[in-house]
Amino acid sequence: RYPIDYTTLVIAASENQVALEVNTSSLRTPSFRLGCRENYEIMLPLCMQYTVPIVVDSDAHDPSRVGDFALATKLLMEIGFNEDLILNNDLQKVKSFLLKTS
């Protein structure tokens with residue numbers, strides 16, 4: 001709904017050691033988050049370019065959707081996202097990131 005300069009966002013995340021989020025709930029249709037997929041298609045390649053890690057979450061508003069990452073996983077595969085930059089697919093990566101940023 002609001003214009004975002006994704007290059008500035010991703011560079012700032014890189015400089016401040018911040019992980020960005022891919023929210024599966026936002027990818028569902030219909031979603032009140034207009035243009036979410038298109039925004040991720042801009043942000044995620046920039047995350048790879050600037051080596052910014054991401055976390056993938058279900059942001060479930062319905063208990064049956066908790067842990068359902070299918071739409072996010074599909075998007076990440078379609079754009080060829082580097083799995084090494086996904087923090088929460090490996091406990092050790094999460095721990096290392098948190099220790100580095102604390």
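I started with Q17, which sits in the loop between α1 (6-15) and β1 (20-23). For helices I take DSSP runs of H or I with at least four residues, for strands runs of E with at least two, numbered from the N terminus. Q17 is not a glycine, yet I find a positive phi of about 50 degrees there. Most residues other than glycine have a negative phi. I also looked up its cover: Q17 is partly exposed, at a relative accessible area of 38%. My cut-offs are under 20% relative accessible area for buried, over 50% for exposed, and partly exposed in between, with a 1.4 Å probe and protein chains only.

**Ground rules.** I am working on a predicted model, where local features need pLDDT of at least 70, side-chain atom pairs count only at pLDDT 80 or more, and totals for chains, interfaces and linings use all residues. Residues are numbered from 1 along each chain as its sequence is written, and side-chain values use heavy atoms, with hydrogens and water left out.

Next I checked T51, in the loop between α3 (36-49) and β2 (54-57). T51 has a positive phi of about 55 degrees and is not a glycine either. Is T51 buried or exposed? T51 is exposed, with a relative accessible area of 56%.

**Helix α4.** I then went to α4 (residues 70-79) and found A72, L75 and L76 buried. They span an arc of only 95 degrees around the axis, so they lie on the same side of α4. That arc is taken from the directions from the helix axis to the C-beta atoms. What covers these buried residues of α4? The cover includes β1, α2 (24-27), α3 and β2, with contact meaning heavy atoms within 4.5 Å. Just after α4, I noted G80 with a positive phi of about 70 degrees.

**Whole chain.** I count five helices and two strands, in the order α-β-α-α-β-α-α from the N terminus. The radius of gyration is 14 Å, close to the 13 Å from the globule rule for 102 residues, so the protein is as compact as a globular protein of that length. That radius is over C-alpha atoms, and the rule is 2.2 Å times the number of residues to the power 0.38. The C-alpha atoms fill a box of roughly 35 × 30 × 25 Å along the principal axes. Buried residues are 29% of the 102. Of the contacts with a separation of 6 or more, 70% join residues 24 or more positions apart.
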